[in-house]
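Morning, everyone. One structure today, in a few minutes.

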Amino acid sequence: MAFALCFVTGLVSHFMQHPPGWLADSVPSRPAWGYRLTQGLHVASGIAAVPLLLAKLWTVYPRLYEWPLVRSVRHALERLSVGVLVAGAVFELATGLLNTAQWYPWPFSFVPVHYAVAWLVVGALLLHIAVKAPEIKAHWARRSPGTLALPAQDGPDRRSLLAAVGAAVGVVTLTTVGQSFTPLKEFLLFAPRHPDTGPQELPVNRTADAAGVGGITAVAYRLVVAGPQSYTLTLDELRALPQHEVELPIACVEGWSKSARWTGVRVRDLLERAGAPEHARVRVVSLESRGGYRVSEMGHKHARDPLTLLALRLNGEELDPDHGYPARLIAPDRPGVLQTKWVGGLEVSA
Ligand SMILES: Nc1nc2c(c(=O)[nH]1)N[C@H]1C(S)=C(S)[C@@H](COP(=O)(O)O)O[C@H]1N2
Ligand SMILES: [Mo]
């Protein structure tokens, strides 16, 4: 169940971040907390799966040395699929866990590899369940319905193992889930990110200095809105436009999320002034010159959502440079990586 939940929420994350062309206009912008919930569940179920997987491997590892190693073609194939399942499961949990700590000690790109191996794991898991289905059925058929008593051969050992695994899952969940489920943040012990640590009490993944945009000044700043009727605004002109306030979370794919109060100009208003067609997509371009998150794309649902702002203020103060001064995107139900900071351009695409 942990793997199923992790897989499904992982797919949601993948398609919110990299929607294929035909899906780009169907990506929903509501509920505003949608991505925060699914990504919180993704990371929490992945973390809970670590003790579950370790316990599972501990109970089955003697079978690794089973003799004869291979009894038949069918048996060989089954062993092979279990090999893929174990290797893939360990790989997914290890890379996912290190990703929550922003640590990438490998030569490949995390996102496509983590995504591809997820399909391998799910395939191998389904195959494994199919192969074992007769045994699973026989095991559950042995119990008389309605009784919770475990069969004799599943005595105290099995019970204490289950209790210990349950306790381990409870402890790792309780001490990490506060990174996105903030009411439990007092219990954070093992989470790499505390949702309160950072300027303006909001975590930062990439600082302005790291992005090479530490020196943006109010005088030099320009926002270029490119569309049928392109125009350029200074920071003072942006500040003079109607300002709106929204309460929206930043939900990082790495697992932390935090809600904040943002004030700024509606992207919708900026697009209308540029004569953008109703269903136009938008490219949000940062002043950052390099980096994977320099540009993000938005379908029309996000672009036209009244909650989508080019934010100038955070919790009542001007944005900190690390949060995207002087202007950053904030939109509902959107992965943190797409909440582009240091925005210098909005480009209407056909
Ligand atoms: N231009 C730019 N915008 C960016 C990033 C970046 O590296 N460059 N990082 C993104 C990521 S991964 C997250 S989670 C959010 C974090 O926003 P915050 O640092 O204001 O909390 O910003 C996003 N916007
Ligand atoms: Mo992020």
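Start at the ligand. An oxygen atom of ligand 1 sits 2.5 Å from a polar side-chain atom of Lys-341. That is a polar contact, meaning a pair of N or O atoms within 3.5 Å. Taken alone, ligand 1 exposes 530 Å², and the protein buries 99% of that. Those areas are Shrake-Rupley, with a 1.4 Å probe.

A caution on the source: this is a predicted model, with local features needing pLDDT of at least 70 and side-chain atom pairs pLDDT 80 or more, while totals for chains, interfaces and linings use all residues. Residues count from 1 along each chain, chains are lettered from A and ligands numbered from 1 as written, and side-chain values use heavy atoms, without hydrogens or water.

Two further contacts. A polar backbone atom of Pro-203 is 2.5 Å from a ligand 1 oxygen. An N or O atom in the Ser-286 side chain is 3.2 Å from a ligand 1 nitrogen.

How many residues surround ligand 1? There are 20, Glu-288, His-323 and Arg-328 being among the closest. The cut-off is a heavy atom within 4 Å.

Now helix α4, residues 110-141. Helices are DSSP runs of H or I, at least four residues, numbered from the N terminus. Its 32 residues should span 46 Å at 1.5 Å a residue, and the end C-alpha atoms are 43 Å apart, which agrees. The expected span is 1.5 Å times one less than the number of residues.

Last, the overall box. The C-alpha atoms of the protein chain fill roughly 75 × 45 × 40 Å along the principal axes.

Key: Polar contact = N/O pair within 3.5 Å; in protein donor to acceptor, adjacent residues only side chain to side chain. Helix = DSSP H or I, 4+ residues; strand = E, 2+ residues; numbered from the N terminus.
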